[in-house]
Amino acid sequence: MGAIVGGMYAQIPNAGVVEERMTRLIRSKPFRRIVLDAFSNEGAPDTLRTVSALYGRVKRGYGLLKSVWSPGIVEAPVLIDFLSHLLDDLQFRKCVIPFAAVACDLLTGNEVVCRTGLMLNAVAASSAIPGVISPVRLNGRWLVDGGPTSMVPVDAALEISDFPAVAVTVTRSVRGTRMTNAVDVVLRAGAIARLRLTEYNLRDAAVVLRPNVGSLGWAEFQSIRRFIAEGERAAENALRGIRNL
């Protein structure tokens with residue numbers, strides 16, 4: 001999601017326009033049919049909820065069966081079609097604000113920072129959650145969301161700008177979560193790895209924003225107003241630190 005919102009804002013630096021486009025897409029019938037009905041509000045058996053929406057469908061057999069014959073529950077072309085309603089397929093160099101999309105090469109395990117060429121497929125690759133969205137083929141690579149190599153792409157941001165990095169993380173704490181079965185243990189172990197990687201990625205950020213969205217799952221798109229409100233609150237709380245940079 002970070003690459004999508006970042007790409008939109010890089011093309012049109014107007015938060016109101018970004019919010020309006022995103023809200024219109026989420027409320028559209030195709031999005032509701034393909035995404036919301038499939039993933040939203042599906043609770044996992046613990047409070048981590050990092051993959052809660054996916055877990056709910058896998059538990060009932062839907063996602064598990066689909067994953068047997070497909071690399072993702074949602075095919076990459078579907079994601080790209082949705083993105084075409086949010087982003088223009090511009091060259092990266094034509095963005096008003098410098099922008100890069102960070103992905104992970106599934107075959108080599110390397111981080112891939114997309115900064116040249118057309119944006120749409122690169123943003124799709126950076127948004128392709130492994131197992132949920134099928135990998136995106138780009139420049140001879142099979143790419144997915146950059147999370148496996150960089151939960152928060154601070155290093156990439158510092159490469160394209162001389163300004164200090166202001167980072168945003170929504171990685172939640174693992175403290176106090178229940179474990180009652182093997183799935184809980186696997187989810188918790190994965191969450192710990194993501195948390196540690198996140199903190200490592202944030203080491204060179206000048207300011208870190210931490211919106212209070214721990215009670216929300218990644219696919220709860222219908223809660224967009226709350227996501228925005230929590231983001232605004234976190235930004236307001238960090239304003240003094242940002243102005244002092």
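The model is predicted, so local features need pLDDT of at least 70 and side-chain atom pairs count only at pLDDT 80 or more, whereas totals for chains, interfaces and linings use all residues. Residues are numbered from 1 along each chain as its sequence is written, and side-chain values use heavy atoms, with hydrogens and water left out.

An open sheet is formed by four strands in the order β3-β2-β6-β5, with antiparallel pairing. Strands are DSSP runs (E, at least two residues), numbered from the N terminus, and two of them pair if DSSP finds at least two bridges between them. Because β3 (111-114) and β5 (136-138) stand at the edges with a single partner strand each, one side of each is left without a neighbour in the sheet. Strands β2 (residues 101-105) and β6 (residues 141-145) run antiparallel and are joined by three bridges. Within β6, V144 stands opposite C104.

One aromatic pair is counted, where ring centres of Phe, Tyr or Trp (its six-membered ring) must lie within 6.5 Å, and planes under 30 degrees apart count as stacked, over 60 as edge-to-face and the rest as tilted. The ring centres of F92 and F99 are 5.9 Å apart and their planes are at 10°, so the pair is stacked.
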